[in-house]
Amino acid sequence: MYTPINIITSVVESITFLWIMFYLTNITSLPKIFSSTHNILLIIFSFTITYLLQINENLSQILKGFIVIFLHFLITKYISNSKPKEALTAVIFTYVLECLLQMPVFALFLLLFPNTRIVDSSIMQCAVIISGFLLTLGIYHFVKIKTIYQKLLKIPGFIFASLFFYICLIAINTFYFYELNALSPFMFFAIMVFLFLTLFLALFFAIKAHKKEQTVHYYETYLPILDDMIFNIRKTQHNYNNIIQAISNLPGLFSDYNSLSDALKHYSSHMVKGALPSQLLHFENKLLIALLYNEYCLAINNKICLDINIHNYSYKSKADEFQIVDLTGILLDNAIEASGKNDTIYIEIGSNIQNINCNHSLYAPYTITIKNPGPEVTQDFIKKIFSHTYTSKTSNTSKHGLGLPYVKNLVQTHKGTIELSNETINNSENIPCQYLVIHITI
């Protein structure tokens with residue numbers, strides 16, 4: 001016989017499931033959920049079906065579980081307008097999460113009341129469900145479950161289905177309190193460990209798939225730039241050969257010193273203008289080569305001089321090569337966009353290994369210093385520059401202010417350092433100019 005406690009249990013259970021599913025599929029506001037009469041009717045229908053299935057004693061628990069999962073899948077898919085895989089992943093992930101959160105409470109009841117069947121006690125059922133709800137609140141605030149969910153989406157479909165199908169079967173049985181009563185505490189904890197290990201393996205494969213996809217994305221982005229750089233180096237080399245041949249013929253064309261000197265200056269200046277920063281080719285991080293070359297070309301197109309000084313080409317950083325590329329790209333993009341025509345941006349990469357008392361066989365941390373014309377560094381400026389709203393740029397400000405907070409977070413995550421200062425440097429017209437200096441070690 002079902003009591004008001006059972007109804008409360010059923011409602012809390014349904015609310016917990018739908019709340020997590022909606023959160024994972026980016027439905028986070030109640031007005032959006034209840035903005036449509038269809039949404040409200042679907043949720044009420046879900047509550048009703050869940051309750052009717054729970055009081056029905058003729059259907060097997062596995063069948064009931066699959067019906068509820070399918071129902072929640074349809075509701076999540078319809079209300080969030082997400083893709084089928086996203087909705088199904090959200091539903092199964094929610095069921096597995098709730099199962100894992102409720103298992104400690106199951107274990108506690110099995111130890112305290114070994115002769116009591118949880119399925120026969122509505123108070124114990126309610127306690128388990130409410131405890132799971134409270135633990136879910138804690139998980140929501142302190143664990144990035146959406147990040148885990150997004151990583152699970154990266155798992156290839158077959159792996160995802162094969163791993164979670166079996167988890168789902170166990171979770172349904174354990175969730176409805178029937179199978180646990182026939183198990184010894186040892187078997188119960190064995191199942192619990194199995195679930196955690198399976199979830200760990202799923203996350204492991206998800207992270208591997210994500211890193212593989214990230215690697216492909218970066219190389220697809222920067223390999224064409226490297227190809228362009230190689231093409232331009234070959235083109236420059238061809239031009240150099242022509243210029244050198246022309247220079248070798250100059251003595252026969254000009255008989256007086258002044259004319260020969262002017263011709264040599266003309267050809268040598270042409271060679272300097274066409275020179276590419278060949279020192280970039282020595283970096284071990286090939287993606288960084290492509291990025292620096294791309295930023296160099298961007299600066300040239302904006303008539304900005306990029307003065308690059310590289311102390312060492314190898315480094316040892318806790319940040320991976322993709323994070324190093326992102327950090328460097330953000331700093332250079334900001335410097336270029338904050339600079340004007342004919343300005344010079346000074347870039348120093350790496351540290352003098354002797355200055356940091358390291359052996360030559362050891363790598364220094366990744367260090368970059370960017371100097372570009374900028375405002376005075378004050379305490380207020382230091383607070384503002386890494387906020388999401390700060391920008392020193394004048395165009396399309398809606399897209400600005402997003403990079404430097406990422407840089408700050410990345411440096412803090414890997415226990416690096418950020419230093420801000422000012423330096424006075426003479427510009428191309430020999431006029432003293434105030435420069436903003438950002439020095440980062442990571």
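Predicted model: local features only at pLDDT ≥ 70, side-chain atom pairs only at ≥ 80, totals over all residues.
Two packed helices are described by the angle between their axes and the distance between the axes. On the α1 side, the contact is made by Thr16, Phe17, Ile20, Met21 and Leu24. On the α5 side, these meet Ala90, Val91, Phe93, Thr94, Tyr95 and Glu98. By class, the contact of α1 with α5 holds eight nonpolar residues, two polar and one charged.

Now stay with α5 and turn to helix α6, residues 122-142. Here the angle is about 135°, and the axes are 9 Å apart. α5 and α6 are therefore oblique to each other. The crossing of α5 past α6 is right-handed. From α5 come Glu98, Leu101, Gln102, Val105, Phe106 and Phe109. From α6 come Met124, Ala127, Val128, Ile129, Ser131, Gly132, Leu135, Thr136 and Ile139. The contact of α5 with α6 divides into 10 nonpolar residues, four polar and one charged. Glu98 of α5 takes part in the contact with α1 and also in the contact with α6.

Next comes the pair α11 and α12. Helix α11 covers residues 286-301. Its axis comes within 9 Å of the axis of α12, and the two cross at roughly 10°. Angles under 35 degrees count as roughly parallel, so α11 is roughly parallel to α12. α11 contributes Leu287, Leu288, Leu291, Leu292, Glu295, Leu298 and Ala299. α12 contributes Glu321, Phe322, Ile324, Val325, Thr328, Gly329, Leu332, Asp333 and Ile336. The contact of α11 with α12 has 11 nonpolar residues, two polar and three charged.

The lining has 18 residues in total. Nearest the centre of the pocket lie Thr147, Lys151, His210, Gln214 and Gln323. By class, the lining of the largest pocket has five nonpolar, eight polar and five charged residues.

How values were computed. Residues numbered from 1 in each chain as written. Heavy atoms only, no water. 1 Å grid on protein atoms, 1.4 Å probe; cavity = no way out; pocket = protein on both sides within 12 Å on 5 of 7 lines; lining within 4 Å. Nonpolar A, V, L, I, M, F, W, Y, C, P; charged D, E, K, R; others polar. Contact = heavy atoms within 4.5 Å. Helix = DSSP H or I, 4+ residues; strand = E, 2+ residues; numbered from the N terminus. Axes fitted to C-alpha atoms, helices over the stretch in contact; angles between N-to-C directions. Parallel < 35°, antiparallel > 145°, perpendicular 65-115°, else oblique. Left-handed = near helix turned anticlockwise from the far one by under 90°.
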